[in-house]
Each structure stands twice: as structure tokens, then as C-alpha cells.
Amino acid sequence: MAAANPRKIIGVTDAAALAQAAADRILARIDANGGQVAICLTGGSSPKRLYELLATPGYRARIPWDRVHWFIGDDRFVPSSDPLSNIGMAKRAFLDECAPRDCVHPMPTDAPTPDAAARLYEAMLKTFHDISMADPSPLFDLVLMGIGPDGHTASLFPGYPAIDVTDHWVVGVPQAHVEPFVPRVTLTLPALASSREMLFLVSGKDKRAIAIRVLADDTLPAARAHSNGETVWLIDSAARPETLDAS
Ligand code: 6PG
């Protein structure tokens, strides 16, 4: 496998600046693709400010909503109405207000099992892009990512089998070992890598310790995850280790 491009680390002042920098990178990817755009969202709390920013007039007016499609990199195996739902958070923050329904692609968490949901989502990705896993063209223009307290990203947890799956784009995770302790559905490293840009959002003092660990330990999922294109960390001052050089 070709060596991944080195990750680019961009330092920003605070959470507000991080949300704006992320929004600007999403807009740049959309503007760079004159056709159908695919953005893969992440869950957790870090992206909420970004999502709310996309719904504000200044950004909303610049997004061609009819040709931007929104996916989710992982979700909790709960209904989208559940407060734990990642796509539910994104729908409430901006998608319901701004995006046409047929441009929003939730994981089918009403399927009988997480694995069944994973098979359905993978089939949808193949149909949407009309490509197979062997095809080199990227699934996504941009993939948003977070870093969990154990170094997980998406729902790829350290030591879990899902981190090593290469023959599927989406897998079920029967149980999570970190909050929330519910089953998950997650894209795999190859699917997440199939992107023009992978953008990590690392914000707040609580992220500093895990950022240090991930930067030092290539075996952690958040360290192993990279794009076949650009891999970028947006990290604010509160999360940034003193020793970390950032542009
Ligand atoms: C999830 C997310 C997960 C998240 C990290 C960081 O389903 O929980 O996809 O990978 O990005 O856990 O979460 P916070 O942004 O809440 O710190």
C-alpha cells in the first residue's frame, strides 16, 4: 500500500475559529468540484458548532445545496430521533433546515442488526457512486473526523476487529467500550481513506492528552486513519500540545 501523505496540522485560536476554518475547507472542496459533491460528516460534540455555522446566512448562501450530498462516517445504532444519533444531531443543527432530503444519506439504523445496516449502507455507497471497492475514484470530497478519549475515530475502536477490515466499506460494531455504550455502524479505514481530504476537528483542553498520544502512537485508530488525498488536523490552542509544530 502506498505510504500515506503526511498529515498537515493547522493551529487555530479557539473553537469558533476552528468551526470557521472547517467550514471554509468544506466550501473550498465544494467549489473545487463542479459536479455532485459528497461530504462525510462525523458525530460526537466537536462538529456541532461547525454544523450550526453552515446554517447561518453567510455560509448557507454559498453552498449549492442541490448538488451536495451528506453522508455520516459512523452512527450509534439508535433511531435518528434519539439524542445519541450522530445524523440526528447534524439534521437538527443544519441538514433539516438547509439540505434537500434526497441529499442526506443516514445510516439505516432501523435495520435488524448493525451488520445489516452496514451492508445496506455499503450497497447505497456503491450505487450512489456507481463504483466498486476496486475503483480508485474517491467516495468523498471531504471526510470529517473526531478523536475519542481512547484514540478511536469514527467507531473504529482500539483493539476491535473493525479497525483491520479492508474488504468492506462499512461494518457493524456490536458494542462500544466508551460512552455511549450502544452498538454502532462505521465506515472502515479504506472507505474513509477514499477521499480528497480527511479533516480532523481537535478542540478543547480535554483533547490535549489524547492528541499527544495519537501523535506518538501510530497504532491508534485516529493515527491510522488517513486520506488518499490530504489529511489535515485543525487543532485549537486549548487542545494543542506545547511541543506540536503547527502552521
Ligand atoms: C462518535 C463519533 C466519534 C467522535 C469522537 C470525538 O460516534 O462518537 O463519530 O468518533 O468523533 O468520539 O467525539 P467528541 O467530538 O464528542 O469529543
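1. Ground rules. This is a predicted model, in which local features need pLDDT of at least 70 and side-chain atom pairs count only at pLDDT 80 or more, while totals for chains, interfaces and linings use all residues. Residues are numbered from 1 along each chain as its sequence is written, and side-chain values use heavy atoms, with hydrogens and water left out.

2. The ligand shell. There are 16 residues around the ligand, and Ser45, Ser46, Asp74, Ala154 and Lys207 come nearest; a residue is near if one of its heavy atoms lies within 4 Å. The shell divides into 2 nonpolar, 10 polar and 4 charged residues. Here Ala, Val, Leu, Ile, Met, Phe, Trp, Tyr, Cys and Pro count as nonpolar, Asp, Glu, Lys and Arg as charged, and the others, Gly among them, as polar.

3. Oxygen atoms of the ligand lie 2.6 Å from a polar side-chain atom of serine 46, 2.7 Å from a backbone N or O atom of alanine 154 and 2.5 Å from a side-chain N or O atom of lysine 207. The protein covers 89% of the 410 Å² of accessible area that the ligand has on its own (Shrake-Rupley method, 1.4 Å probe; for residues, only the protein chains shown count as cover).

4. Alanine 154. This residue sits in the loop between strand 5 (142–145) and strand 6; helices (H or I, at least four residues) and strands (E, at least two) are DSSP runs, numbered from the N terminus. Alanine 154 counts as buried because its relative accessible area is 8% (buried is under 20%, exposed over 50%, partly exposed in between; 1.4 Å probe, protein chains only).

5. Threonine 186. What does the side chain of threonine 186 reach? It reaches the backbone nitrogen of serine 155, at 3.1 Å. Threonine 186 belongs to strand 7 and is buried, at 0% relative accessibility. Its contacts (heavy atoms within 4.5 Å) beyond four places in sequence include Asp74 and Ala154.

6. Beyond four places in sequence, leucine 50 touches Ala19, Ala22, Ala23, Ile26, Leu144 and Leu201.

7. The loop between strand 6 and strand 7. Please check proline 180, which lies in this loop: a cis peptide bond joins glutamate 179 to proline 180, with omega about -15 degrees. Valine 182 is in the loop between strand 6 (170–173) and strand 7 (184–187) too, and counts as buried because its relative accessibility is 17%. Outside its four-place neighbourhood in sequence, valine 182 touches Arg76, Leu84, Gln175 and Ala176. The C-alpha atoms of valine 182 and valine 78 are 8.1 Å apart, across 104 residues of chain.

Terms used
A polar contact is a pair of N or O atoms within 3.5 Å; within protein, one must be able to donate a hydrogen and the other to accept it, and residues adjacent in sequence count only if both atoms are side-chain atoms.
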